[in-house]
Amino acid sequence: MNPTPDTLDLDAFEDVETSVVVLKNPATGAPTASTITLIGPEHPARKKIQFDRTRKIRTEFQRSGKIAVSDPVDDIDDETNYLVACTVGWSLSQGGNALPFSPEAARALYSDAKRQWLRAQVKKALDEAERFICGSAKA
């Protein structure tokens, strides 16, 4: 007979607005000391981005009666804008020196054809909902 799992106390967990992502070495998969701070799905800025995307799709559908198929280049640009907007800080180095965070620097990294491994790690992290949930002090 299987034991009954513990009851989940809903007050024990809550959504958080940001998460610090530990980057992995792209060759070995080992964690590094480099981090990127991302906003979560409940952060107002990220919710605004999602709502704006949905409104754009709905508006086009109401106008034409069809779901618009966008150009792949536009899709990459939109995704880059999303990654930049969801990145609010980092601890990175380049060429042996600390790389100061700015939206422009984030755009340059996420657009760099030689750094697509970084883009992939950030995209994956943004899709991990559990990353933006933590234990609550209430419990």
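This is a predicted model: local features need pLDDT of at least 70, side-chain atom pairs count only at pLDDT 80 or more; totals for chains, interfaces and linings use all residues.
I started with arginine 119, which touches Ile76, Glu79, Thr80, Leu83 and Tyr110 once its neighbours within four places in sequence are set aside; contact here means heavy atoms within 4.5 Å. Arginine 119 sits in helix H4, and I took helices (H or I, at least four residues) and strands (E, at least two) as DSSP runs numbered from the N terminus. Arginine 119 counts as buried at 4% relative accessibility. My cut-offs: buried is under 20% relative accessible area, exposed is over 50%, and partly exposed is in between, with a 1.4 Å probe and protein chains only.

Residues are numbered from 1 along each chain as its sequence is written, and side-chain values use heavy atoms, with hydrogens and water left out.

In soluble globular proteins, nonpolar side chains tend to be buried together.

I then zoomed in on tryptophan 90. Neighbours within four places aside, tryptophan 90 contacts Thr35, Ile36, Leu99, Pro100, Phe101, Ala105, Ala106 and Leu109.

**Glycine 40 and helix H1**

Is glycine 40 buried or exposed? Glycine 40 is buried, at 0% relative accessible area. I found glycine 40 in the loop between E3 and H1, and beyond four places in sequence its contacts are Glu17, Thr18, Arg46 and Phe132. From glycine 40 to glutamine 50, 10 residues along the chain, the C-alpha separation is 12 Å.

H1 itself has 21 residues and spans 30 Å from first C-alpha to last, close to the 30 Å expected at 1.5 Å a residue; the expected span is 1.5 Å times one less than the number of residues. After H1 comes glycine 65, with a positive phi near 80 degrees.

**Salt bridges**

I counted 9 salt bridges, each a side-chain nitrogen of Lys or Arg within 4 Å of a carboxyl oxygen of Asp or Glu. Side chains of opposite charge can pair when their charged atoms come close.

- Aspartate 52 pairs with lysine 48, closest N and O atoms 2.7 Å apart. Both lie in H1 (residues 44-64), 4 residues apart, about one turn of the helix. Aspartate 52 is partly exposed at 34%, and Lys48, Asp52 and Arg55 are linked in a network of salt bridges.
- Glutamate 42 pairs with lysine 47 at 3.2 Å between the closest N and O atoms. Glutamate 42 is partly exposed at 41%, and so is lysine 47 at 30%.
- Glutamate 128 meets arginine 131 at 2.8 Å, N to O. Glutamate 128 is buried at 18%, whereas arginine 131 is partly exposed at 27%.

**Surface, last entry**

Leucine 10 is in the segment before strand E1 (13-15) and is exposed, at 69% relative accessible area.
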